[in-house]
Amino acid sequence: MQAKQAVNDFVVKFANVNGTGSASANHMFAKAIFRMGIPVSPRNIFPSNIQGMPTWYEVRVSSKGYLGRRGGVDLMLCVNPQSMERDVREVEPGGYFVYDSTKAIDIRYVRDDINYIGIPIMEMCQREYTDARQRLLFKNVIYVGALAALLDIEFSVLKDLVADQFKGKEKLIAQNVHALELGHQYAVRNFDCPIGLRVERGGNIARHILETDHILMDGNTAAALGAVYGGATVAAWYPITPSTSVVDGFDKYCKRLRIDPGTGKKNYAIVQAEDELAAIGMVIGAAWNGARAFTATSGPGLSLMSEFLGLAYFAEIPTVLIDVQRAGPSTGMPTRTQQSDVLAAAYASHGDTKHVLLFPATPAECFSLTVKSFDLADRLQTPVIMLTDLDLGMNDWMSPPLVFDDAQRFDRGKVLDGEALESMKERFGRYLDVDGDGIPYRTYPGAHPKKGGYTTRGTSRDEYAVYTEDGAAYVRNMDRLLKKFETAKRLVPEPKIKPAAKATPYGALFFGTTASPAYEAVEMLAADGILIDTLRLRAFPFTDSVEEFISSHETVFVIEQNRDGQMRRLLINETSVSHPEKLVPVLNYDGLPITARQIAGVIRATLGGSDNVTPIASKREASRKKA
Amino acid sequence: MTYQRPTFRHPEAPVNELGYTRREYEGSISTLCAGCGHDSISAAIIEAAFTLPIEPHRIAKMSGIGCSSKTPAYFLGSSHGFNSVHGRMPSVTTGANLANRDLVYIGVSGDGDTASIGMGQFAHVVRRNLNMTYIVENNGCYGLTKGQDSATADVGSKSKKGTANPYEPIDLVSVAIQLGATFVARSFSGDRQQLVPLIKAALSHKGFAFLDVISPCVTFNNHEGSTKSYAFTRDHLDPTPVDFVPMREEIRTSYAAGATQEVCLHDGSVIRLFKQSNEYDVEDPQAALGAIARHNSEGRVLTGLLYLDRDAQELHEILETTRRPLNTLTEKELCPGSKVLDSINAGLR
């Protein structure tokens, strides 16, 4: 039997029981590889449960810096008997299965095409520790030590990580290092270390990776920091997976960075609301009153916020919402990822509405686009919804460092203060299109003793904010809102377009976390001679360059993670694409991040060049024939 | 249709201490039905704000949806107002207050807006002790949709069509006290003598001031058999007169004639209560709940200042926010800059 051989290119998966402290040990494993300068993408695949259910942690190591899921497992570390049967099955031929050999492995789980590495982890813990809690926790640290030996992870890097994690707690540092050593020594004594899979500094690592001083960070924390830098002072929210860590992160950074040095008081307010309706209501109230405010939620929260989003759109109130998407509809798979709120977000609320959407693809972009969302919301006086997802929000991503230009200033948009109102000769008209861009001027409550006051409402009104049921006034207002949305096209971030090496009739369009596996798939296909230009969307409304990209290609693959091809539908709805069938959907919606293998497979099949997969074009033809 | 008042002003119209005429506290002409209790409440708000006095632009008027929620257009016409979403005025006001703690917030709601669709937000704004005045214009029915029973309609009270309401009413003042409201009063739109000082006291209170004002619906709930009609309310009222002495006025005697209790608010203002008999201490919540229940069981409606907690922390104090309104903080205070970001990046390697 063959044993897989790979340097800096493999997938390790941990099968654990949730609530046993495995996540932090597994994170230490991933971070050690990251600190060796080797691209790594860890993913927590967890249940909607606190204790006792199977949970997995998948770590991809990629010399080229591919951060999407690859698919397949080269080394499975399984310490959960509940899931062992399927865990064994998942290992690719030639791969490795590391298990706790305290008890003999069930004969049914023995395959002859993979390599078994048994470590008596439980037995070592029983011998070493008397305390039950320690036995449980150090079990995880022991296997990390063993993996370090098996995969050639530098032991000193692990020791430094422990020292950083438990800074100032010498006893804990010593205990953890000891547990690492136990595992490490056992592996060195009993196996040929390293095995066929190993990591190595420098070596085959892509140059563009080596040239950037990367960080390892999750998207939610980055977005939270973006809210700090964007000047948010009010955050209102309701706990919901996978968005909870956005406000947790905001709280953490505010405690460090937003305490008034003179008084010790807080230059921010965070309210845990009674539900998502109240959360967005508070954001709208605060923004109406001139503070920068935001909320973070996921699909069910977005549904609940829809009525208020219609108010914010119609009454023109800057509103920032971060939607960390998960698998819907309803409660769906609350701990699995999807990009399935695109249409719900774009058109949230009854009546005619359209909302500005932002699609970050990396933690660095979660940061910069959150900062930007406050400027856009203030400038456009409308809701701005940033759509991330569980995969980006809750997992650590290797990312370029966060960047902030000290020269940039908040754009608070068209606000008339007391002085401006004082010098104004004409009557203030809250909804007058003075500049012809569809964006009116606003005033904050209390700005001037006599001028600038008006009633904000969700009911129809004229240009002076006076209630009216006059149809013509209503239409003027609705048309101005459309004009404002046109103005938004000039303000939102442009897409990132990457042309192929040579002119090609094929394009691929994607956004958010689909980007990493999509770029990888495009490189895989290029190696086979299939050339594809790419466009990574970053915002809705679509800028002119999106239309140009679609019109200049024969076929455009729209890659996304939902069942209905929601972005494809939005493109058909909101661009002048003449033949919708030229937009070919490439979809995954099983709750796990889409892989490069899946994307490349569908594209190859569509273009008529692959095995195993039914070409999409012929599927369509078949359904047409049926009809 | 919109009604605007003429801008003409009498040159010698009396002004308050801040130099404003009464006209400057008025709004556009009401479009509610003639005789609506809500218009009397609007007039009482105007009177309270004019005489207290508060500069009109320092007041923000907040409301939800319904007849009551339309009324902010009919008072304080030059102030900012926010006619928001049905049942959601509390959250919008919470956000507004967090952004600028220096304004005075008057929320106007109805019994549908508060006791049905907005019950959740009402409960939580009470719990948070948001510094605001929350007025429910309570008529026991849905006016704008033509007279359906609301959740405050009494058992057996008849609708205009003659059907008796079979459901238990929600008694908002009792609920408010149980949820920890720090100022709870009930009044009647027809009792201006009591309502105006109560509104003044509510506006001067630090924290959540709740006023449940019975305000008959002349069109859909003013008939025989309704327990929220003018006639029924007048016949069954047990009013406790209230007097309000603003902080700037010297209090000459420690006890005004006939007053049975005097309470001093945080800003130095004094509320004088004139109870028929010295029934209970308004600072004792259990006694207040008992008195409300006792009058209820006798088919009577106890009005006046029912409960007061002068010392509770309002939301900004609980959250320990800075004294400066958050909406006045600048980039300098809010944005930590690139150097700090560099050190954060370093910590993520």
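What percentage of the 349 residues of chain B count as buried? In this predicted model, 53% of the residues of chain B fall into that class. Chain A is divided into four stretches named domain 1, domain 2, domain 3 and domain 4, and 59 of the residues of chain A are in contact with 50 residues of chain B.

**Confidence in chain A**
- The average pLDDT of chain A is 95, and 97% of the residues score at least 70.
- Where pLDDT is low, predicted coordinates should not be read in detail.

**Chain B**
- Chain B contains 12 helices and 13 strands.
- The radius of gyration of chain B is 21 Å, which agrees with a compact globule, because a globule of 349 residues would have a value near 20 Å.
- Taken along the principal axes, the box filled by the C-alpha atoms of chain B is roughly 75 × 50 × 50 Å.
- Among contacts in chain B with a separation of 6 or more, 70% join residues 24 or more positions apart.

**Domains of chain A**
- The bounds are 6–209 for domain 1, 216–399 for domain 2, 418–491 for domain 3 and 496–626 for domain 4.
- Between domain 1 and domain 2 of chain A, the C-alpha centres are 34 Å apart.
- At their contact, 13 residues of domain 1 of chain A meet 9 residues of domain 2 of chain A.
- On the domain 1 side of this contact, α1 (22–35) and β3 (40–45) of chain A each supply at least two residues; β3(A) gives the most, with 5 residues.
- By class, that side of domain 1 of chain A has 8 nonpolar, 3 polar and 2 charged residues.

- Several elements of chain A each supply at least two residues to the side that touches chain B, including α8 (219–229), α10 (276–288), α11 (299–315) and β17 (455–457).
- The element that gives the most to this side of chain A is α10(A), with 9 residues.
- The side of chain A that touches chain B divides into 33 nonpolar, 16 polar and 10 charged residues.
- Strand pairing also links the chains: β17(A) pairs with strand β2 (residues 80–83) of chain B in the parallel sense, over 3 bridges.
- Within β2(B), Asn83(B) is the bridge partner of Arg457(A).

Terms used:
Residues are numbered from 1 along each chain as its sequence is written. Chains are lettered from A and ligands numbered from 1 in the order in which they are written. This is a predicted model: local features need pLDDT of at least 70, side-chain atom pairs count only at pLDDT 80 or more; totals for chains, interfaces and linings use all residues. Helices (H or I, at least four residues) and strands (E, at least two) are DSSP runs, numbered from the N terminus. The radius of gyration is taken over C-alpha atoms; the globule rule is 2.2 Å times the number of residues to the power 0.38. A residue is buried if 20 or more other C-beta atoms lie within 10 Å of its own, exposed if 12 or fewer, and partly exposed in between; C-beta atoms are placed from the backbone. Two residues are in contact if their C-beta atoms, placed from the backbone, lie within 7 Å. Domain bounds come from an automatic or database domain assignment. Ala, Val, Leu, Ile, Met, Phe, Trp, Tyr, Cys and Pro count as nonpolar, Asp, Glu, Lys and Arg as charged, and the others, Gly among them, as polar. pLDDT is the predictor's confidence in each residue, from 0 to 100. Two strands pair if DSSP finds at least two bridges between them.
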